[in-house]
Amino acid sequence: MRFLGNIEARTDAKGRVFLPATFRKVLQTGGCDTLVMRKDIHQKCLVLYPESVWNERVDALRSRVNEWDDTGQMVMRQYMKEAEVVTLDGNGRFLIPKRYLQMAEIDQAVRFIGMTDTIEIWAAEKAEQPFMTQEDFAAKLKAIMAPQQ
């Protein structure tokens with residue numbers, strides 16, 4: 001599954017929002033009807049994971065966590081406690097619980113950003129600001145993509 005797009009939407013008074021049709025189509029094509037939502041670990045946004053992608057990430061984390069190590073268990077616990085299963089209703093809407101709206105500082109206007117195998121949900125005003133200057137973006141992309149010598 002590959003999500004691509006930068007789409008505006010609005011939550012209703014209950015915190016429900018329509019998942020953009022382009023993203024729903026990708027999910028349907030991939031045979032996925034369950035999503036997992038959690039706050040991003042770096043930014044003030046929410047991340048929607050198709051269930052298969054979520055399971056891969058959890059398996060990767062679990063394989064690196066020693067169940068007898070307090071720190072590893074705390075990391076795993078923190079990662080899991082901020083996750084919630086999301087189901088779409090018949091109209092393609094889902095509920096963003098109030099605590100998630102608060103974590104991401106979302107009022108009503110949101111922006112969905114396709115991030116290859118996940119979907120980010122940002123407060124619209126935060127997503128409209130550049131994440132980095134065009135010059136910084138070009139330099140960092142060049143550094144990442146340049147052949148290693």
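Author: Threonine 11 is found in the loop between β1 (6-10) and β2 (16-18). The model is a predicted one.

Reader: Is threonine 11 buried or exposed?

Author: A residue counts as buried under 20% relative accessible area. Threonine 11 has 5% relative accessibility, so the residue counts as buried.

Reader: Which residues is threonine 11 in contact with, leaving aside its neighbours within four places in sequence?

Author: With neighbours within four places in sequence left aside, the list for threonine 11 includes Arg16 and Val17.

Reader: Which element gives the most to the largest nonpolar core?

Author: The largest nonpolar core has 23 residues, and Leu19, Leu48, Phe94, Ile96, Phe112 and Ile121 have the most contacts inside it. Two or more residues of this core come from each of α1 (21-29), β3 (35-39), β4 (46-50), α4 (98-103), β7 (109-115) and β8 (118-123). With three residues, the element that gives the most is β8.

Reader: Where does valine 58 lie, and how far apart in space are valine 58 and glutamate 8?

Author: Valine 58 is part of helix α2 (residues 51-64), and counts as buried at 14% relative accessibility. Beyond its neighbours within four places in sequence, valine 58 is in contact with Met76, Tyr79 and Met80. Valine 58 and glutamate 8 are 50 residues apart in sequence, and their C-alpha atoms are separated in space by 29 Å.

Reader: What separates the C-alpha atoms of leucine 95 and glycine 15?

Author: Leucine 95 belongs to strand β6 (residues 93-95) and, at 45% relative accessibility, counts as partly exposed. Leaving aside neighbours within four places in sequence, its contacts are Lys14, Gly15, Arg16 and Met37. Leucine 95 and glycine 15 are 80 residues apart along the chain, yet the distance between their C-alpha atoms is 5.6 Å.

Reader: Why does α6 lie largely in the open, and what is the distance between its end C-alpha atoms?

Author: None of the twelve residues of α6 is buried, so the helix lies largely in the open. At 1.5 Å a residue, helix α6 (residues 134-145) should span 16 Å. The model agrees, as the end C-alpha atoms of α6 are apart by 16 Å.

Reader: What percentage of the residues in the protein chain is buried, and how far apart are the mean positions of its charges?

Author: Of the 149 residues in the protein chain, 39% are buried. The accessible surface of the protein chain is about 9,700 Å², with 53% belonging to carbon and sulfur atoms. For the 21 positive and 21 negative charges, the mean positions are apart by 2 Å.

How values were computed. Residues numbered from 1 in each chain as written. Predicted model: local features only at pLDDT ≥ 70, side-chain atom pairs only at ≥ 80, totals over all residues. Heavy atoms only, no water. Core = buried A, V, L, I, M, F, W, Y, C linked by side-chain atoms within 4.5 Å. Buried < 20%, exposed > 50% of the residue type's maximum accessible area, 1.4 Å probe, protein only. Helix = DSSP H or I, 4+ residues; strand = E, 2+ residues; numbered from the N terminus. Areas by Shrake-Rupley, 256 points an atom, 1.4 Å probe, with all protein chains shown as cover. Lys, Arg positive; Asp, Glu negative; His and termini not counted. Charge placed at Lys NZ, Arg CZ, Asp CG, Glu CD. Expected span 1.5 Å × (residues − 1). Contact = heavy atoms within 4.5 Å.
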